[in-house]
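This report describes the folds of two chains and the contact between them. The sequence and the structure are shown first.

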Amino acid sequence: MELIDKLHILSDAAKYDVSCVSSGSDRKNTPGGVGSAASCGICHSFSSDGRCISLLKILLTNYCVYDCAYCVNRASNDIPRAAFTPEEVADLTINFYRRNYIEGLFLSSAVIQSPDHTMELLTRAVRLLRTQYRFNGYIHVKAIPSASPSLIEEAGRYVDRMSVNIELPSQQSLQLLAPQKDKQSILQPMNYIRSRIVETRENKKFFQSTPNFVPAGQSTQLIVGATPDTDFSILKLSEGLYKGYKLRRVFYSAYIPVSRHPQLPAVTRPPLLREHRLYQADWLLRFYGFSAGELLDETNLQLNTQLDPKCDWALRHLQHFPVEINKADYYTLLRIPGIGVRSAQRILAARKVQPLDFDHIKKLGVVLKRARYFITCKGKYIDRAADINPLFIEQNLLADRSQQFKTDPGFIQLSLLPQLPTPQDALLSLTGEI
Amino acid sequence: MRIYIHDGSFEGLLTCIFNIYESKSTPGGIVSHVHQQISLVDEQIPVETDFVKSKRVYQAIREKISPTALEKAYHVYLTETEESGMMIYEYVKLGFTMGRLVEDHLSDPRVLSVHKTSQRVGFETHRMLGFLRFRLIGENTYYAPFQPDSNILALVAPHFTERLSDQNWMIHDLRRGIAAVWNQQEWVLTDLSSEVVPAPCKTDEKYQALWKEFYHTIAISTRYNPKLQKQLMPARYWKYITEKW
């Protein structure tokens with residue numbers, strides 16, 4: 001088989017992996033080597049779906065022993081199969097890298113023969129790149145669930161980031177769609193990687209020569225819309241992963257129908273808006289000091305698709321508003337709809353030298369369209385205070401949105417849930433939460 | 001109105017600022033000779049670049065204001081617009097009265113415009129680190145053409161001296177006719193007015209084909225979103241992006 005055909009098959013099989021982040025590592029070039037990593041990450045291109053291409057994202061092979069219903073590479077699927085040799089992977093990576101096409105390699109694999117065998121192949125490919133080709137660019141590699149810790153350990157010393165995909169957000173969903181996997185086999189490598197990262201960090205304090213172990217941390221991916229899991233249980237899970245497992249990122253992937261299966265919902269288009277809202281909520285968890293329990297609760301299981309999660313939260317908690325721009329602290333500013341990390345920092349800087357009014361903060365980049373209902377400058381609202389009530393604000397915010405999200409006939413993700421989940425459902429999905 | 005005209009270099013611009021302070025005059029404009037316009041009412045003052053004077057201004061900005069203010073002023077200069085000279089002058093003038101605090105005066109239009117422009121230049125530099133495409137044109141020699149909005153060649157080149165240190169390369173700004181050349185030891189900035197883009201060699205065509213195959217395969221057709229793609233990778237850069245030819 002020609003290299004170009006292999007590349008076609010194995011990048012086609014890898015494209016549903018969302019992660020394409022090349023940040024978090026500042027690996028330096030070595031004498032005679034090629035490449036370096038930029039800690040901010042660099043996007044090299046954007047494909048026609050608007051997603052960033054920063055890494056050469058390929059599978060080592062798409063021969064798979066598992067038969068997970070949601071996955072395009074499942075054993076029972078009749079598709080062309082191929083496998084790269086480690087040399088081919090290294091050659092492609094180096095030559096793409098030298099032309100500045102990519103920032104590094106994202107190597108994943110279907111499970112061929114056994115998890116250990118697969119992990120060994122992956123390790124061999126990254127070892128070849130780092131030692132023989134002296135490649136110092138970014139490498140992200142998948143840790144295969146149930147692979148032995150010693151193999152994960154070796155791969156971890158060569159790569160910048162490792163990830164284990166959870167894919168399905170609850171144990172029931174796993175049983176339903178991926179009966180050969182269980183949550184233990186997924187969480188165990190995650191736990192191992194976390195403990196080794198912590199250990200390496202501690203050791204580095206005393207011994208500078210401590211070898212690196214996954215310096216850019218680990219990440220995971222959840223599929224949204226293939227199972228009836230609610231946004232609340234997904235966000236709870238993400239929060240647990242960030243806090244308990246110290247993950248750098250949780251990626252959300254709108255379910256794209258790659259197969260027909262009686263257990264899978266009939267979706268005509270991926271639930272992109274739901275995915276977008278989850279990402280917004282994810283940012284609120286990581287950078288804005290929100291907790292999952294604040295954004296959603298047992299009575300309110302799904303994120304509002306009409307309003308962004310912060311606006312939605314603010315409307316339900318008007319008792320915290322208005323916030324006085326010239327007095328509030330950083331985290332209070334961050335909770336105002338229309339104010340992000342950057343504008344909050346600018347406000348902090350600018351108000352040191354001068355009290356701010358609405359003209360000023362508009363120039364600083366605050367989105368007044370949303371923020372206007374929630375703030376005062378020098379004690380005054382922008383409009384008459386009498387107008388500030390939840391209904392009025394919501395109507396105005398939605399009026400602004402209506403242009404953006406005109407009733408979209410393709411957006412029928414609710415067909416997944418014929419009726420709204422009952423509290424019992426909620427409890428079930430909670431107890432089954434990974 | 002007095003219009004100060006410099007030779008287009010950053011030192012020339014700083015010399016203008018020195019002369020303005022020395023003569024205690026109010027400038028009507030500080031422009032490079034490229035932007036010089038014939039005018040009956042304005043008094044045009046050509047300024048010869050003086051490295052002693054420019055160095056004094058350079059150090060004064062760094063020490064009396066701050067190193068970041070100097071960097072921001074330099075970024076504004078790189079945009080090569082007609083207004084950039086006056087923007088820098090107003091910013092620096094304000095800076096000399098209040099020191100490093102000037103960076104907090106974000107509600108002042110003189111400060112905000114400099115910060116925004118500097119941010120734009122920094123953003124383009126960062127983008128180009130990704131969008132630049134090298135092609136193999138000879139034995140271990142790579143060539144990358146580009147046409148950035150601002151004159152960011154000198155900001156882009158150092159990134160590749162570390163990253164691609166074991167290959168000879170040249171980054172060519174076709175719009176300004178300048179190039180950065182690296183010979184595995186040091187890099188130099190040189191004039192290169194040729195507009196001929198060297199053809200890639202045979203091996204390079206193979207990898208270009210592989211890359212294009214990858215690029216087209218990795219897109220998910222059910223998520224097709226060309227508007228987002230163009231927003232993130234503006235079409236004006238596509239001319240030299242291999243996968244977009």
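## Basis of the description

Two strands are taken to pair if DSSP finds at least two bridges between them. Helices (H or I, at least four residues) and strands (E, at least two) are DSSP runs, numbered from the N terminus.

The model is predicted: local features need pLDDT of at least 70, side-chain atom pairs count only at pLDDT 80 or more, and totals for chains, interfaces and linings use all residues. Residues are numbered from 1 along each chain as its sequence is written, chains are lettered from A and ligands numbered from 1 in the order in which they are written, and side-chain values use heavy atoms, with hydrogens and water left out.

## Hairpin in chain B

Strand β4 (residues 135–138) of chain B runs antiparallel to strand β5 (residues 141–146) of chain B, and three bridges join them. Within this pairing, B:R135 has B:Y143 in β5(B) as its bridge partner.

The two strands β4(B) and β5(B) form a hairpin with two residues between them. B:N140 lies in the loop between β4 and β5 of chain B and has a positive phi of about 50°, although B:N140 is not a glycine. Most residues other than glycine have a negative phi, and most peptide bonds are trans.

## Parallel sheet of chain B

Chain B also has an open sheet of three strands in the order β2-β1-β3, with parallel pairing. β2 (27–32) and β3 (43–46) of chain B stand at the edges with a single partner strand each, so one side of each has no neighbour in the sheet. On average, neighbouring strands of this sheet are turned by 25° against each other, direction ignored. Axes are lines fitted to C-alpha atoms, for helices over the stretch in contact, and angles run from 0 to 180 degrees between N-to-C directions.

Five bridges pair strand β1 (residues 2–6) of chain B with β2(B) in the parallel sense. The bridge partner of B:R2 in β2(B) is B:P27. Helix α1 (residues 10–23) of chain B lies across β1 and β2 of chain B, at about 145° to β1(B); contact means heavy atoms within 4.5 Å.

## Parallel sheet of chain A

In chain A, six strands form an open sheet in the order β3-β4-β5-β6-β7-β8, and the pairing is parallel. The edges are taken by β3 (55–59) and β8 (249–254) of chain A; each has a single partner strand, so one side of each is left without a neighbour in the sheet. From one strand to the next the twist averages 20°.

Strand β6 (residues 161–163) of chain A pairs with strand β7 (residues 218–224) of chain A over two bridges, in the parallel sense. A:M162 has A:Q218 in β7(A) as its bridge partner. Helix α7 (residues 231–244) of chain A lies across β7 and β8 of chain A and runs at about 155° to β8(A). Helix α8 (residues 272–287) of chain A packs on the sheet, touching β7 and β8 of chain A, and its direction makes about 170° with that of β8(A).

## Cis peptide bond in chain A

A:F321 and A:P322 are joined by a cis peptide bond, with omega about 0°. A:P322 lies in the loop between α10 (309–316) and β9 (323–324) of chain A.

## Interface of chains A and B

The interface brings 51 residues of chain B into contact with 61 residues of chain A. The area buried between the chains is about 5000 Å², of which carbon and sulfur atoms give 58%. Buried area is the accessible area (1.4 Å probe) that two parts lose on being put together, summed over both. B:R163, B:Y207 and B:R223 supply 16% of the area that chain B buries against chain A, more than any other three residues.

Five salt bridges are found across the interface of chain B and chain A, each a side-chain nitrogen of Lys or Arg within 4 Å of a carboxyl oxygen of Asp or Glu. The side chains of A:R99 and B:D204 meet in a salt bridge at 2.5 Å, N to O.
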